[in-house]
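This briefing concerns the helices of a single protein chain and the loop that joins two of them. Please consult the sequence and the structure shown here alongside the points that follow.

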Amino acid sequence: MDQRTLVDRARKGDREAFSVLARAAASRMDAAARLILRDRELARDAVQEALIRAWRDLPGLRDPERFDAWLHRLIVNAAIDETRRRRRRVIEVEIDATGLPAHEDPYGLLADRDALDRALAGLAPEYRALVVLHYFLGMPVPEAAASLGLSLGAAKSRLHRAMGSMRQAFAPDASESAQPARGGPA
């Protein structure tokens, strides 16, 4: 059964069809939430919240072809909501090395992952979400913009600022006191 048929059935209240859709998207949703939130348990909460919202709001989805983009938007919004609820909680991240070539220097790889973790941590959740969607999940910028409810120009601007902040974090002369830009309204 194709996705459009499953979405149409789920919109009409078919729980089994929604279950199939949710199972198919769960690992992608969890990966996105973990990268945005940097905490496995918070990510699970965000995925659960996004799936609850999806079930509740699915009848209002106008275009079943946009289901995946709509679901991405729900998970990003749920992750950002989790961040806002728990701002003061210390967060740790596990970045899985998926599809990366073998590295000769395991200590260098560890240092690179730590630097990437710190660079991502320095971004505001809205900027981090865009970086995750585009660079980690491979979503084209126009699709990531649509998923986040941004204009293409705003998404490109935020992505440019986020990457500039991350480059600063990787600069050899970056000091401990230098803080990456948190970004402003785009």
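Directly after α2 comes Arg38, a residue with a positive phi, near 65 degrees. The model is predicted, and Arg38 takes this value although it is not a glycine. Most residues other than glycine have a negative phi.

**The loop between α2 and α3**

- Arg38 is located in the loop that separates α2 from α3.
- Arg38 is buried, since its relative accessible area of 8% is under the 20% cut-off.
- Asp39 provides the N-terminal cap of α3, with a side-chain oxygen placed 3.0 Å from the backbone nitrogen of Glu41.

**Helix α2**

- At its N-terminal end, α2 is capped by Asp14, of which a side-chain oxygen lies 3.0 Å from the backbone nitrogen of Glu16.
- The end C-alpha atoms of α2 are only 29 Å apart, whereas a straight helix of 23 residues would span 33 Å at 1.5 Å a residue.
- A kink of about 45 degrees, centred on Ala25, is present in α2.
- Ala25 is also among the buried residues of α2, which include Phe18, Leu21, Met29 and Arg34 as well.

**Helix α3**

- Helix α3 covers residues 40-57, a total of 18 residues.
- From the first C-alpha of α3 to the last, the distance is 25 Å, close to the 26 Å expected at 1.5 Å a residue.
- Leu42, Ala43, Ala46, Val47, Ala50, Arg53 and Ala54 are the buried residues of α3.
- Viewed down the axis of α3, these buried residues fall within an arc of 140 degrees, so they line one face of the helix.
- An α-helix has 3.6 residues a turn, so residues three or four places apart point the same way.
- The packing partners of the buried residues of α3 are α2 (15-37) and α4 (67-85).

**The chain as a whole**

- The chain contains 8 helices and 0 strands, and its pattern along the sequence is α-α-α-α-α-α-α-α.
- Of the 186 residues in the chain, 39% are buried.
- Among contacts between residues at least 6 apart in sequence, 66% join residues at least 24 apart.
- The chain has an accessible surface of about 10900 Å², and carbon and sulfur atoms account for 51% of that surface.

Technical notes: Residues numbered from 1 in each chain as written. Predicted model: local features only at pLDDT ≥ 70, side-chain atom pairs only at ≥ 80, totals over all residues. Heavy atoms only, no water. Helix = DSSP H or I, 4+ residues; strand = E, 2+ residues; numbered from the N terminus. Expected span 1.5 Å × (residues − 1). Buried < 20%, exposed > 50% of the residue type's maximum accessible area, 1.4 Å probe, protein only. Arc of directions from axis to C-beta. Contact = heavy atoms within 4.5 Å. Polar contact = N/O pair within 3.5 Å; in protein donor to acceptor, adjacent residues only side chain to side chain. Areas by Shrake-Rupley, 256 points an atom, 1.4 Å probe, with all protein chains shown as cover. Bend = angle between axes of the 7 residues up to and from the residue.
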